Amino acid sequence: MTGVDLTAWILGPVLGVMTFLFIFRIILTWYPQVDLNRLPFNLIAWPTEPFLIPLRKLVQPIGGVDITPIILVGIFSLLREILLGQQGLLTMLSRVN
């Protein structure tokens, strides 16, 4: 197993799980009464919050709705496609080796 294969093997699930967590985070925004500091909601909030904080400084809520989780779902999906998709960079590199 080469370094490219190992990177793709680790990065694929990490990007997939993060996308999944951000989708759950979007769903949680529909329920403002949910306490994100209690189980099981903190399992979704803790890994996603470090990504949301800096983006919230750049993107203001639109009509009172926080759209930063939606933006991050797009970013993580795009990143996964660019790196690991059928024509992705890591996929192409692993075919060369």
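This is a predicted model: local features need pLDDT of at least 70, side-chain atom pairs count only at pLDDT 80 or more; totals for chains, interfaces and linings use all residues.
Contact here means heavy atoms within 4.5 Å.

Let's begin with arginine 25. It lies in helix 1. Is arginine 25 buried or exposed? Arginine 25 has a relative accessible area of 6%, so it is buried. And what does arginine 25 touch? Leaving out residues up to four places away in sequence, its contacts are Leu36, Ile44, Ala45, Thr48, Glu49, Leu52, Arg56 and Pro69.

Now the aromatics. How many aromatic pairs does a search of the whole structure find? It finds four. I'll take two of them.

One is phenylalanine 20 with phenylalanine 24. The pair is edge-to-face, with 4.7 Å centre to centre and 85° between the planes. These two residues are four apart in helix 1, so about one helical turn separates them. Phenylalanine 24 is partly exposed, at 34% relative accessibility.

Next, phenylalanine 22 and phenylalanine 51. This pair is edge-to-face too: 6.1 Å centre to centre, 80° between the planes. Here distant parts of the chain are linked. Phenylalanine 22 sits in helix 1, phenylalanine 51 in helix 2, and they are 29 residues apart. Phenylalanine 22 counts as buried, because its relative accessibility is 0%. Phenylalanine 51 is partly exposed, at 37%.

Last stop, the loop. Proline 40 is found between helix 1, residues 3-28, and helix 2, residues 42-58. What kind of peptide bond joins leucine 39 and proline 40? A cis one, with omega about -5°.

Conventions:
Residues are numbered from 1 along each chain as its sequence is written. Side-chain values use heavy atoms; hydrogens and water are left out. Buried means under 20% relative accessible area, exposed over 50%, partly exposed in between (1.4 Å probe, protein chains only). Rings of Phe, Tyr and Trp (its six-membered ring) pair if their centres lie within 6.5 Å; planes under 30 degrees apart count as stacked, over 60 as edge-to-face and the rest as tilted.
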